[in-house]
Amino acid sequence: MFIHLNVHSQTSPMRGTAPSEALLDRAQALGMTHLALTDVNGLWGFIRFVQHAEREGVKAICGAHVLLGGG
């Protein structure tokens, strides 16, 4: 089983361009059973991601790509 764990949606400026619905539609088309959403510095689109994942039959994984200042 392969699961993408570093996925950014359109709510991550300059990182992702696809809406979470499109990401989940593609994951389902590829036969993936799980997909993570790791938007930058927050969980901006996670509620909608979970709602759509439930409809698509994909298990949603919550994460965040946190950028820390100061190195």
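Colleague: How many helices and strands does the chain have?
Modeller: The chain has 2 helices and 2 strands, where helices (H or I, at least four residues) and strands (E, at least two) are DSSP runs numbered from the N terminus. From the N terminus on, these elements run α-β-α-β.

Colleague: What kind of model is this, and how are residues numbered?
Modeller: This is a predicted model, in which local features need pLDDT of at least 70, side-chain atom pairs count only at pLDDT 80 or more, and totals for chains, interfaces and linings use all residues. Residues are numbered from 1 along each chain as its sequence is written, and side-chain values use heavy atoms, leaving out hydrogens and water.

Colleague: How many aromatic pairs are there?
Modeller: The structure holds 1 aromatic pair. The ring centres of F46 and F49 are 5.8 Å apart and their planes stand at 35°, so the pair is tilted. Rings of Phe, Tyr and Trp (its six-membered ring) pair if their centres lie within 6.5 Å; planes under 30 degrees apart are stacked, over 60 edge-to-face and the rest tilted.

Colleague: Where do F46 and F49 sit?
Modeller: Both belong to helix α2 (residues 46–56), and being 3 residues apart they are separated by about one helical turn.

Colleague: Is F49 buried or exposed?
Modeller: F49 is buried, with a relative accessible area of 0%; F46 is also buried, at 15%. Buried means under 20% relative accessible area, exposed over 50%, partly exposed in between (1.4 Å probe, protein chains only).

Colleague: Turning to H52, which residues is it in contact with?
Modeller: Leaving aside neighbours within four places in sequence, H52 is in contact with E21, L24 and D25, contact meaning heavy atoms within 4.5 Å. H52 lies in helix α2 and is buried, at 9% relative accessible area.
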